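Reader: Please take a close look at one part of this model, a pocket and what lines it. Then set that part in the context of the rest of the fold.

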Amino acid sequence: MKTTIKRWSSLGLGLAITSGTLAACEPNSVEETQPTVQSETIRPIAQDDLSQLSQGGEGEGGVDISAALTDPIVFNTALAITEAHIIAARDAYKLGKNDAAAEMFAHPVSEVLADMADVFASRKVDDFSELLIEASTSVLNDEGEDAVNAKADAIIERLRNAATKAPDNGTSPFDITTGVVIDQLERAADMYKVAKEFGEYGPYLDGYGFYKTGANAYQSIAEQLATQNTAVARSIEETLHLLRDAYPDATMPETLDVEPAILISSVSNIQLSATR
């Protein structure tokens, strides 16, 4: 375990192990202990810079915790953000990006799950942070694809179970999924803009996860959406086409050639279509 903690520290995670859970440390302490960052690790970017760059959604975080108590779309958005990290971590590990994968598995513990703890408790969702810690540890120990994939699958299964306990305000499952898809694609577009501006792998990998999660969720409603709202379905398809070019896989291309403004505009078209 000591070796694992040292690896987390050297990666710049800024995380400490406390009674089996991960607690976020101050970013400054990370910078003091890790002045240089390897190309495949994830370097934190100042929140002020993120807010200036992200014109549409709220990038990596931005979950309204109070709304999650009553709004099933917000509740499921928090789950989708977690799933995006898991998918990104799994795929990064497959491509040999072990350090980044370990970070991505661990990040939602402090970024999402800690904030959502009271909401989950109120909905009788058992804490599953330990599963993410175990997956991160599995990557650091380089236990192999099968082991890491199994842990990723177990986390996603828990997320699916948690989704069944979302609050009910009368919103249909179809509309909930549509809302989550739009949210994830917006985040993917925003993080691509950040990745292009800073040339950093972390935002790219976040965005890749959001894109994949949004695309997967869309597949579950694609046929119904094409029938019920052709304009929204068409706008989503157009955005997914752009995002496929933006995020070819979990490895960041040498150059990011997709124009972020086009991506963000495409997501805006989805939102406009959904409100008509």
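Author: First, the classes used for a lining: Ala, Val, Leu, Ile, Met, Phe, Trp, Tyr, Cys and Pro count as nonpolar, Asp, Glu, Lys and Arg as charged, and the others, Gly among them, as polar. By that scheme, the lining of the second largest pocket divides into eight nonpolar, six polar and three charged residues. The model is a predicted one.

The second largest pocket has a volume of about 410 Å³. Its lining is made of 17 residues. N76, E83, R160, A163 and T177 lie nearest the centre of the pocket. Helix α5 supplies the largest share, four residues.

Helix α5 also matters for the count in the core. The largest nonpolar core has 73 residues. Those that touch the most other members are F105, L205, Y218, I236 and Y247. Helix α5 (residues 72-94) gives this core its largest share, 12 residues.

Take I236 from that group. Beyond its neighbours within four places in sequence, I236 is in contact with V181, L185, Y218, L225 and I270. One of these partners, Y218, is also among the core residues that touch the most other members.

Next, the loop between α5 and α6 (98-122), where L95 is found. L95 has 43% relative accessibility, so it counts as partly exposed. Leaving out residues up to four places away in sequence, L95 touches D249, A250 and T251. L95 and D249 are 154 residues apart in sequence, yet their C-alpha atoms are 9.1 Å apart in space.

H241 counts as partly exposed because its relative accessibility is 48%. Between H241 and L263 there are 10.0 Å in space, C-alpha to C-alpha, and 22 residues in sequence.

Now the whole chain. The protein has 13 helices and two strands. Of its 276 residues, 49% count as buried. Among contacts with a separation of 6 or more, 79% join residues 24 or more positions apart. The accessible surface comes to about 12,900 Å². Carbon and sulfur atoms account for 47% of that surface.

Methods:
Residues numbered from 1 in each chain as written. Predicted model: local features only at pLDDT ≥ 70, side-chain atom pairs only at ≥ 80, totals over all residues. Heavy atoms only, no water. Core = buried A, V, L, I, M, F, W, Y, C linked by side-chain atoms within 4.5 Å. Buried < 20%, exposed > 50% of the residue type's maximum accessible area, 1.4 Å probe, protein only. Contact = heavy atoms within 4.5 Å. 1 Å grid on protein atoms, 1.4 Å probe; cavity = no way out; pocket = protein on both sides within 12 Å on 5 of 7 lines; lining within 4 Å. Points joined across faces, edges and corners; volume = space filled by probe spheres on them. Areas by Shrake-Rupley, 256 points an atom, 1.4 Å probe, with all protein chains shown as cover.
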